[in-house]
Amino acid sequence: MRPAPTILHLDMDAFFAAAEQAAKPSLRGKPVVVGGVGVRGVVSTASYEARVFGVRSAMPTAQARRLCPNAAYLSPRFTLYRQVSDAVMELLHALSPLVEPLSLDEAFVDLEAGGVPAETAAVRAVGEKLRRDIRSATGLTGSVGLAGAKMLAKIASEAAKPNGLVVIEPGTERELLGPMTVRTLPGVGPATAETLRRAGIHTVAETAEAGEAELVRLLGRAHGAGLYAMALGQDDRPVVAERDAKSISVEDTFEVDLTDRTRVRSEVLRLADRCVQRLRAAGRSGRTVVIKVRNYDFSTLTRSETLRGPTDDPAVIREAAVRLLETVDTTGGVRLLGVGVSGLADFTQEDLFAQLATEREAAEAATAAAVEQADGEREPHEAEEERPRRWYPGLDVVHDEFGAGWVQGSGVGRVTVRFETPWSAPGRVRTFAVEDPALRPGEPLPLVGGAPADGQSSEPAILPKFLSPEPGDTGSVGEEISSR
C-alpha cells in the first residue's frame, strides 16, 4: 500500500450515451439508451436520465423499453467512441508512462511514475485538471478516484459518479470499506457472494472479521487469502502499461433464429473474416480457432481446433471455423454465433494448411475479379447499392440538400432523419424514402468543433454521489448504476 493516493482511476460517465447526447443536441437532458435495438438486443449503456427509470447495462432492450418507453434507443457508433477514447488516453499518457486501459472509457494511471509529488493536494490538483482537460477536448465528463491502491481508486471513482472526484486518504481504508457490501470487492461475483451469505457474511467488515482461515475454508486458499487482504484494504497490484490480450473474437446475435444451414455457414465465414481483421489490426496471429453457437433454447456450445502454428491467414481460419461448425447440430435454430482466435503470438508459422489456403485464396481472387469485370459490364441500375440495407437508429447520414444528420427511425419504406450537428441547436426532422439517392451514410462529426447552442448542455442530470441528497431527502434520484 502506498503512503499517498498516487493511483488514479478514470471512468467516463455513461460513456456511449453521453457521447450520443453530445453529438445530438435534441437528446441532451433526455433518456438515451445505446445497444442492440432489435427484439433480442441488450443495453450497452444508459444515460443517467434513463437510469432513473431502472434501465441498466446488460438489460434486455425489450425490458428497457417497457421501463422507459420514451427514451431514444440508438445503435452504437464505435468509430466515434474510439475517437473520443483515443483523445482521453492521450491525456492520460501525458500524466504518466504507466497507463493501464481497461476499456474504451476506463483506465488506471500511476501518477507517482509520472513525477507527481506524493501529496494529497498535488494529486487532487492533477485529477481536477484532468477532468477539465477531458471536458475541453471531448465535451464529455469523467469521474476520478485517487487512492493508494487500484481497488480503492476504482471504488473512489464509483463514489464520484457522475462528474466528480473522490480521494481516499491512506489509513482510512477500513473505515470506508467496512459498511460496503461484499460485492464491492474485486473477484466477488454472485456465486462467491452467495457462499459468503450462507456463512452469514454480507459486508466487507464482516469479511475481515471472519478471518483468513475461515475464508480459506469457504473459498479455497488462493481466493480466500486474496479476499481477506482486500477486505483489510490491502491491494499491492501494480499499474501495468501493457495488458496482453489472451484472445480476439467477434460474435453476433440474430433477431430471428437461423435455421437454414447455408445461412449459418455464411454467417460463420463472415464472422471469421471480421475476426481476422481484428487480429491483423492488433498485429497478432493465433493458433487456436474457436466457434461459439447459442441455440434457440439458450444452450451454448463451443468448439475449438488447434492448428500446427499461429496464423493470421483468413482462408485457414475460415476453413477451421467451418470444420468446427460441421460438428454442431443447428437444426433447432441458432440465435448467436461467434468466432474467435486464442493462443496469440506476434508471428505466423506457415504450414500445409496455410499453403493450401493461399492457393485456394488465389483461385477465389481470380474468380472474384472475373465476377467484378462482369458486374462492370452491367447496366448502372444493376450495380449493387452501397448504402446499408437498413437505416439503424443513430446512424450518421448526409443529405445532398439538408447536410449532416442522424437516423431517428425507419420502417415501411421510409426513414426519418433529424438534421443537426454537435454544436447546433436541435434540428428539424424530415422523412425520406429509404431509396432516396440524395441520402447516404455519413461519418461521425467531432464532438468539439463549434460553439454549443444557447441553453443546450450535456451536463449529467444528477449530482455526484458524494454531493447528492440523502435517500430520504426531496429530490433524491436513487442509486447511480455503473455504465459497465
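The following paragraphs describe a predicted model, from its overall make-up to a few local arrangements of side chains. Local features are reported at pLDDT of at least 70 and side-chain atom pairs only at pLDDT 80 or more, while totals for chains, interfaces and linings use all residues. Residues are numbered from 1 along each chain as its sequence is written, and side-chain values use heavy atoms, with hydrogens and water left out.

The protein contains 14 helices and 17 strands; these are DSSP runs numbered from the N terminus, with helices (H or I) of at least four residues and strands (E) of at least two. Of its 484 residues, 45% are buried, where buried means under 20% relative accessible area, exposed over 50%, and partly exposed in between (1.4 Å probe, protein chains only). The accessible surface comes to about 24200 Å², and carbon and sulfur atoms account for 52% of this area, computed by the Shrake-Rupley method with a 1.4 Å probe. Among contacts (heavy atoms within 4.5 Å) between residues at least 6 apart in sequence, 65% join residues at least 24 apart.

Beyond its neighbours within four places in sequence, P170 is in contact with R2, P3, A4 and P5. Its C-alpha atom is separated by 9.6 Å from that of G233, 63 residues apart along the chain.

Aromatic side chains provide the next topic. Eight aromatic pairs are found in the whole structure, a pair being rings of Phe, Tyr and Trp (its six-membered ring) with centres within 6.5 Å; planes under 30 degrees apart count as stacked, over 60 as edge-to-face and the rest as tilted. F15 and F16 form a tilted pair, 5.7 Å centre to centre with 50° between the planes, and both residues are buried. The pair of F78 and Y81 is edge-to-face because the planes lie at 85°, with the ring centres 5.8 Å apart. Both residues lie in helix α4 (residues 78-95), three residues apart, about one turn of the helix. Y81 counts as buried at 0% relative accessibility, whereas F78, at 38%, is partly exposed. Ring pairs link F15, F16, F78 and Y81 into a cluster.

Two arginines sit over tyrosine rings, an arrangement that requires NZ of Lys or CZ of Arg within 6 Å of the ring centre and within 35 degrees of the ring normal. The charged end of R51 is 4.5 Å from the ring centre of Y48, and R65 lies over the face of Y73 at 4.3 Å from the ring centre.
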